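User: Please go through this model with me, one question at a time, and give the cut-offs behind each term.
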Amino acid sequence: MTTPDSDRSQTAVIVLAAGSGTRMKSSTPKMLHRVCGRTMLGHALHAAAGIRPEQIIVVVGHQREQVGAAVDELAVDLGVPVTTAVQQQQNGTGDAVAAGMAALPADFSGTVLVTTSDIPLLDADTLREVVARHDLRPRAAVTVLTSTAPDPTGYGRIVRNDDGEVLRIVEHKDASDDERAIDEVNSGIYAFDARVLREKLGELSTDNSQGELYLTDVIQLARQSNGLIRGHRIEDADLVAGVNDRVQLAALSAEMNRRLCQEAMRAGATIIDPGTTWVDMGVRIGRDVTILPGTHLTGSTVIGDGATIGPDTTLRDTTVGEGATIVRTHAVSASVGAGAEVGPFAYLRPEAELGERSKIGTFVEVKKSSIGAHTKVPHLTYVGDAQIGEHTNIGASSVFVNYDGVNKNRTVIGDHCRTGSDTMFIAPVTVGDGAYSGAGTVIKNDVPPGALAVSGGRQRNIDDWVIQNRPDSGSAEAALRSRNDS
């Protein structure tokens, strides 16, 4: 059998995602477990889309509705046509690929790249290398991606001849003692000539220890028909390391995180302790950023140049401006302006928008509110459904009372306001530019610009109230002592 040398302009990718993943011991399909903020299926599809194939086919089986829905959601942003094919029964990798091939046009004659959904570190560059190796003249019938495993137990072994050509792949359970001594292992990633793959899938048998159709047998069958079999060996075994249980999931998550931290540091960020810093795939970190220990940056968080984050800070889907400082803070879907200061122990909830050089201090919670430039909310305050202008100061222990038991209402505070400690803003209410409030004020009505709002009357002391009404208390005894001493 020969493989045509005419230029191939078409590549299709089949992603195997039909397995049950029983060793995960989870109600969540294995490929939907996350590694650095992205599901393993998401990693597989992004890697596949990175080589710009004509089509991606995801083979689903176990929990197909849940996996199929995840495919549909991921496909929106990939820019490549993605379809699903169903493996009706768990009958081996050969059967799964046959299901994927059935979704390709019958006349498709290009390269079919087969990969799996549980190899999270696999990237588009590695897949491009496989395809390039496959397309070298003379073109191969099959190209298999291999690596060296320190402990090859459980992996298929790559059997080569004296000239280094791949003869076959032997599954661990079917391998002889000599074959099990081989440390070059199969990654489960292949490039096939489409016509060779169609033909040899039809020749597979279940005559093996598992009683399944092995995709690896296609290699031996193709070689028996004089097909050229290439092996592309990579040095970085982690790129093709698979996940079968939660121990491996944690190990590869840590490895990906290590690489993401290194990438950020090489791009100009300082990460004091990468071992306690976690960074998701979608995070963007600027130059001269300092990240202190115990910091988690997740989702689509963006950190501007020169910012300092941490320690002990979690930011999710949050944008941080240049030169901002965030200390011991939890933020979700918030925006922090350039030069702003946040924390310690602050909580920024969705739609919290902090202006340039604003300050959100200790034990302050902000939700669905905009804080103007240079405005300070320093201590012990809840700001909800509010708009606060520029150069304003909100006194300690203030509360924006936004909920009337039925509806959320909005508070508007102008520029250059000074509100006293323990002020209650009963929304809906507006405080004009330059207005003040006294400590302990309950603001129920609008405050005109430049006015002072107070709500309490004169202080009144009732002499001997404690002695008369709490005669047996320690307070009464102390008061009597003080009276007798005076």
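This is a predicted model: local features need pLDDT of at least 70, side-chain atom pairs count only at pLDDT 80 or more; totals for chains, interfaces and linings use all residues.
User: Is L380 buried, exposed or partly exposed?

Analyst: Residues are numbered from 1 along each chain as its sequence is written, and side-chain values use heavy atoms, leaving out hydrogens and water. L380 belongs to strand β29, residues 376-384 (strands are DSSP runs of E of at least two residues, helices runs of H or I of at least four, numbered from the N terminus). Buried means under 20% relative accessible area, exposed over 50% and partly exposed in between, with a 1.4 Å probe and protein chains only, so L380, at 48%, is partly exposed.

User: Where does D118 lie, and which residues does D118 contact beyond four places in sequence?

Analyst: UniProt, in an unreviewed entry, gives "binding site" at D118 and N244, an annotation that may be inferred rather than shown by experiment, with positions in the numbering used here and feature names shortened. They span 127 residues in sequence, yet no two of their C-alpha atoms are more than 7.8 Å apart, so they gather at one spot. D118 is buried at a relative accessible area of 16%, and lies in the loop between β6 (111-116) and α4 (124-134). Its contacts (heavy atoms within 4.5 Å), leaving aside neighbours within four places in sequence, are K30, M40, A241, G242, V243 and N244.
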